[in-house]
Amino acid sequence: SHHSKSVGLTGIIKRGHYVSERLLCAQLGTAPPVPPEDPASAQNFKTDRERVSAQTAPAACAGCHLKLLNPLGFAFENLGPAGKWRTVEASGSGGAINAVDAYSFDDSDTLNFDGAVTLMKKLTERVELHQCYVKKIVEALYGRSVDASDANLIGDLGEASLQGMSTKDLFIEILSNNQMTLRSNQ
């Protein structure tokens, strides 16, 4: 519900951005200016998914939204603004929720899912999620942002995490690495 809007909308884009940035460590860059929403056209949409898809269709937005942000946000649409499960939207015309989509890691690697549970289960089977987890641990333990010298450690431990290495063992490996003595990126 933290990434929902006060007017009863679910914040599809904010939810997608959160998963992309926080769980997959995607570097999305600066967003282009948000185009103004035409109040007259908002009444023509049966679902929030239709509204967000139309709003993010312009070329300046589509690069990130169509493959990276919107699909992840759509996965959570069955969870309403307060997190309560729903099958139809409360806003608009009460259209049916469609949480089926696909996330593209690259042009040849697409993750298909039907809702948040399926998405999260499939993400736990991806090395990208585990590498992001390791990256965040490295940053916290080393007290600095990661840099190129950390790439092998993050890659290796991300793979080890995917294979079942415990968090305790991840911490031990990170703390015993020679990079631990580097205190800044300068």
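**A walk through the fold**

Q131 is partly exposed, with a relative accessible area of 25%; here buried means under 20% relative accessible area, exposed means over 50%, and partly exposed is what lies in between, using a 1.4 Å probe and protein chains only. You'll find Q131 in helix α6, residues 127–142. Helices (H or I, at least four residues) and strands (E, at least two) are DSSP runs, numbered from the N terminus. Setting aside neighbours within four places in sequence, Q131 is in contact with I154, G155 and G158, where contact means heavy atoms within 4.5 Å. Q131 and L162 are 31 residues apart in sequence, yet their C-alpha atoms are 8.6 Å apart in space.

A word on what you're looking at: this is a predicted model, in which local features need pLDDT of at least 70 and side-chain atom pairs count only at pLDDT 80 or more, while totals for chains, interfaces and linings use all residues. Residues are numbered from 1 along each chain as its sequence is written, and side-chain values use heavy atoms, with hydrogens and water left out.

Now zoom out. The protein has eight helices and two strands, and from the N terminus on the elements run α-α-α-α-β-β-α-α-α-α. Of its 186 residues, 38% count as buried. Among contacts with a separation of 6 or more, 59% come from residues 24 or more positions apart.

Back to the contacts of Q131: I154, G155 and G158 take us to helix α7, residues 151–162. The 12 residues of α7 should span 16 Å at 1.5 Å a residue, and its end C-alpha atoms are 16 Å apart, which agrees; the expected span is 1.5 Å times one less than the number of residues. L153, I154, L157, G158 and S161 are the buried residues of α7. Seen down the axis, those buried residues fall within an arc of 125°, so they line one face of α7; the arc is that of the directions from the helix axis to the C-beta atoms. What covers the buried residues of α7 includes α6 and α8 (167–175). After α7 comes G164, with a positive phi near 115°.

Which residues of α1 are buried? They are I12, R15, G16, V19 and S20. These residues cover an arc of only 125° around the axis, which puts them on the same side of α1. Helix α1 runs over residues 12–23 and reaches 16 Å from its first C-alpha to its last, close to the 16 Å expected. Its buried residues pack against α3 (48–55), α4, β1 (100–106) and α5 (116–123).

N70 is buried, with a relative accessible area of 2%. Not counting residues up to four places away in sequence, N70 touches I12, I13, V52, S53, T56 and H65.

What makes its backbone worth a glance? Most residues other than glycine have a negative phi. The phi of C25, though, is positive, near 55°.

Next, the strands. β1 and β2 form a hairpin with two residues between them. Six bridges join β1 to β2 (residues 109–114), and the two run antiparallel; strands pair if DSSP finds at least two bridges between them.

Finally, the rings. The structure holds one aromatic pair. Y103 and F105 make up that pair, edge-to-face, 4.9 Å centre to centre with 80° between the planes. Rings of Phe, Tyr and Trp (its six-membered ring) pair if their centres lie within 6.5 Å; planes under 30 degrees apart count as stacked, over 60 as edge-to-face and the rest as tilted. Y103 counts as buried, at 5% relative accessibility. F105 also has the charged end of R126 over its ring, 3.9 Å from the centre. R49, in turn, lies over the face of F74, at 4.2 Å from the ring centre. A charge sits over a ring if NZ of Lys or CZ of Arg is within 6 Å of the ring centre and within 35 degrees of the ring normal.
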